[in-house]
Protein chains: 2
Amino acid sequence: MRRFDEELNTLSEALQEMGSLVAQSIHRSVLSLVEKNEDYAHQVVRDEARINQLEIQIDDLATTLIARESPVAGDMRFVVVAIKINTDLERMGDMAVGIVERSLAALRQPELPMNVSFTEMANLVESMVLTSLDAFVKRDPQLARTVLTSDDAVDKLRNLITRQMIELMKRDPSTVERAVDYILIARRLERIADHATNVAEDVIFMVKGVDVRHRTQVDIG
Amino acid sequence: MRRFDEELNTLSEALQEMGSLVAQSIHRSVLSLVEKNEDYAHQVVRDEARINQLEIQIDDLATTLIARESPVAGDMRFVVVAIKINTDLERMGDMAVGIVERSLAALRQPELPMNVSFTEMANLVESMVLTSLDAFVKRDPQLARTVLTSDDAVDKLRNLITRQMIELMKRDPSTVERAVDYILIARRLERIADHATNVAEDVIFMVKGVDVRHRTQVDIG
């Protein structure tokens with residue numbers, strides 16, 4: 001294997017390690033709420049430090065690779081997209097910590113009734129993160145497209161949770177603080193899904209050279 | 001001027017153009033709410049298309065520059081940071097559109113009483129965006145540090161607005177929908193401020209080679 005290919009492999013593996021850690025943090029951030037388990041919350045905060053270190057290492061790997069190998073065309077795009085994905089993953093880690101902050105506040109209070117579970121939403125988001133990274137490593141635009149489909153499902157779940165919480169607050173003002181926490185947790189999960197969608201769009205762009213990053217029309221009715 | 005310096009200049013200017021457009025969109029997104037002006041809202045949506053085009057152009061500029069000039073050390077970091085800032089700016093544009101969506105919903109309803117104005121928060125956020133870009137172009141870490149200070153002020157304003165809205169919803173359930181909209185607008189402004197902070201931290205890292213990106217401790221008390 002050429003040194004260049006080895007370096008590309010190292011970069012891919014580092015991003016996958018970071019992705020697994022981020023997916024685990026998303027999982028635990030929601031479990032801390034659903035299972036009322038503070039240990040999970042503390043693990044998420046601890047793992048954020050590791051995620052932050054990985055971000056710096058991956059930027060270094062990518063820039064060293066560009067400087068040493070001067071990759072061209074598709075390979076250059078791969079490295080640039082790696083830098084972008086790296087940024088997205090680190091931000092997802094921040095969001096998981098943000099969920100934990102609200103979760104720790106919420107789990108000292110009685111639970112609120114909801115028909116949509118955060119677990120369902122978190123599982124979907126977690127799989128989007130892993131799939132988008134998988135699509136990157138395999139340079140597979142088909143796989144990346146499945147992530148875009150899941151994003152719509154996540155938006156629907158977020159809207160459902162928000163509407164339920166609004167109804168609840170109107171009926172019973174004593175639920176306001178907790179309901180706002182739940183709304184913000186749903187928003188943060190949605191933000192993570194948005195990052196995974198960005199990754200998927202970057203992968204499609206990278207492989208096809210076609211830009212789908214700005215495909216969605218805004219409906220401002 | 002060497003061709004290389006010219007290319008670096010072109011890259012800086014493109015990022016500044018994008019930054020001005022993003023700052024203007026932030027301004028207009030909040031004005032559309034405060035002045036109940038739908039025209040501003042539609043301009044924000046229109047300008048997002050231009051911001052998205054600029055993102056693609058800037059990525060192209062940066063990768064062409066790396067491929068052609070193989071910059072080293074400080075110059076390479078400058079170009080990599082340009083790619084990261086580009087991503088941040090595009091996300092800020094998304095957030096401005098997000099504010100507009102809530103604003104269009106909110107401005108058809110009676111205003112809610114608040115002591116903190118969105119205008120104050122938006123002015124602060126807008127200046128963070130412009131200052132962080134200025135710090136990048138001038139490679140000035142001192143200037144970048146002022147952005148980090150403003151970020152704390154933005155967080156305080158966001159907390160104030162959230163607390164006011166929570167109190168309001170508890171007192172008067174008929175305000176719930178609008179109050180949730182206001183909370184989400186404040187969150188989106190805060191997210192923009194977070195992006196500007198990321199830019200500033202990248203600039204400090206770029207110039208000093210010191211990583212301040214992960215300086216903040218999470219308080220999960």
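Here is a short chat about reading a predicted model.

Biologist: Which ground rules apply here?

Modeller: It's a predicted model, so local features need pLDDT of at least 70 and side-chain atom pairs count only at pLDDT 80 or more, while totals for chains, interfaces and linings use all residues. Residues are numbered from 1 along each chain as its sequence is written, and chains are lettered from A and ligands numbered from 1 in the order in which they are written.

Biologist: How many residues of chain B are in contact with chain A?

Modeller: Contact means C-beta atoms, placed from the backbone, within 7 Å. Here 31 residues of chain B meet 31 residues of chain A. On chain B's side, two or more residues each come from helix 2 (38-69), helix 3 (73-106), helix 5 (141-171) and helix 6 (176-208). Helix 3 of chain B gives the largest share, nine residues. Helices here are DSSP runs (H or I, at least four residues), numbered from the N terminus.

Biologist: How are two packed helices described?

Modeller: By the angle between their axes and the distance between the axes. Axes are lines fitted to C-alpha atoms over the stretch in contact, and angles run from 0 to 180 degrees between N-to-C directions. Helix 1 (residues 3-34) and helix 2 of chain B pack at about 160°, axes 9 Å apart. That makes helix 1 of chain B roughly antiparallel to helix 2 of chain B (the cut-off is over 145 degrees).

Biologist: What is V203(A) in contact with, beyond its neighbours within four places in sequence?

Modeller: V81(A), S132(A), A135(A), F136(A), P141(A) and A144(A).

Definitions and conventions: Contact = placed C-beta atoms within 7 Å. Parallel < 35°, antiparallel > 145°, perpendicular 65-115°, else oblique.
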